[in-house]
Amino acid sequence: ISGISKKNSGSVRRLREKLKANEKGSCSYTDGEKQYAYYRPLGINNWYVVSTVSESEVKDTYKAIINILSSLYIFLIVVFCGGIIYILIYQERQRKKLEYYAYVDRVTGKDNDTKFILDADEELKTSRKGIRAILAVDINRFKMINEVYGVSKGNKVIISLDKELRS
């Protein structure tokens, strides 16, 4: 205490009062550079443990902690954003799968009747007046083709008919 400059006489006086009262605590003083001190009684012969650290050391430590926390926050933000992007991409893929199963015929790979109804409804709502035509095809005794030649041959017949009608 005696080595601390006279500029800090108020701090020294308060420190002495606390030491006489056998209290623990902390204080700051200037001795060329600002210093922080923490003191605690040992309980033996009125001895104290006093730890001091300069303000520059405290600032350097805080800077390191702030840098680590900033890096951690940036990492967490990147992981969070990456997770959101992954979820959005996953949802889009699932939506496309559902649309495929809902609107595509498994045999021909073309739009099914549900998709036709939706498209026709949209066409009727949005297009100008004009002539429209719908072609409906019924293959007589198609069940016989499936029974005699098998379902895979029947599917090939449907696909061939689809190609011919589209060309």
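Reader: Where do K143 and E147 lie?

Author: Both sit in helix α4, which covers residues 142-149. They are 4 residues apart, about one turn of the helix. Bear in mind that this is a predicted model.

Reader: What links their side chains?

Author: The general idea comes before the case. Side chains of opposite charge can pair when their charged atoms come close. Here K143 and E147 meet in a salt bridge, at 3.9 Å from N to O. The cut-off is within 4 Å, so this pair counts.

Reader: Are K143 and E147 buried or exposed?

Author: Both are exposed.

Reader: Which residue meets K125 in a salt bridge?

Author: D121 does, at 3.2 Å from N to O. K125 counts as exposed because its relative accessibility is 61%. D121, at 36%, counts as partly exposed.

Reader: What about R95 and E92?

Author: Their side chains form a salt bridge too, with 2.3 Å from N to O. Both residues lie in helix α2 (residues 55-103). They are 3 residues apart, about one turn of the helix. R95 is partly exposed, with a relative accessible area of 36%. E92 is also partly exposed, at 33% relative accessibility.

Reader: Which residues are linked in a network of salt bridges?

Author: E92, R95 and E99 are.

Reader: How many salt bridges does the count come to?

Author: The count comes to 5. Among them are K143 with E147, K125 with D121, and R95 with E92.

Key
Residues are numbered from 1 along each chain as its sequence is written. This is a predicted model: local features need pLDDT of at least 70, side-chain atom pairs count only at pLDDT 80 or more; totals for chains, interfaces and linings use all residues. Side-chain values use heavy atoms; hydrogens and water are left out. Helices (H or I, at least four residues) and strands (E, at least two) are DSSP runs, numbered from the N terminus. Buried means under 20% relative accessible area, exposed over 50%, partly exposed in between (1.4 Å probe, protein chains only).
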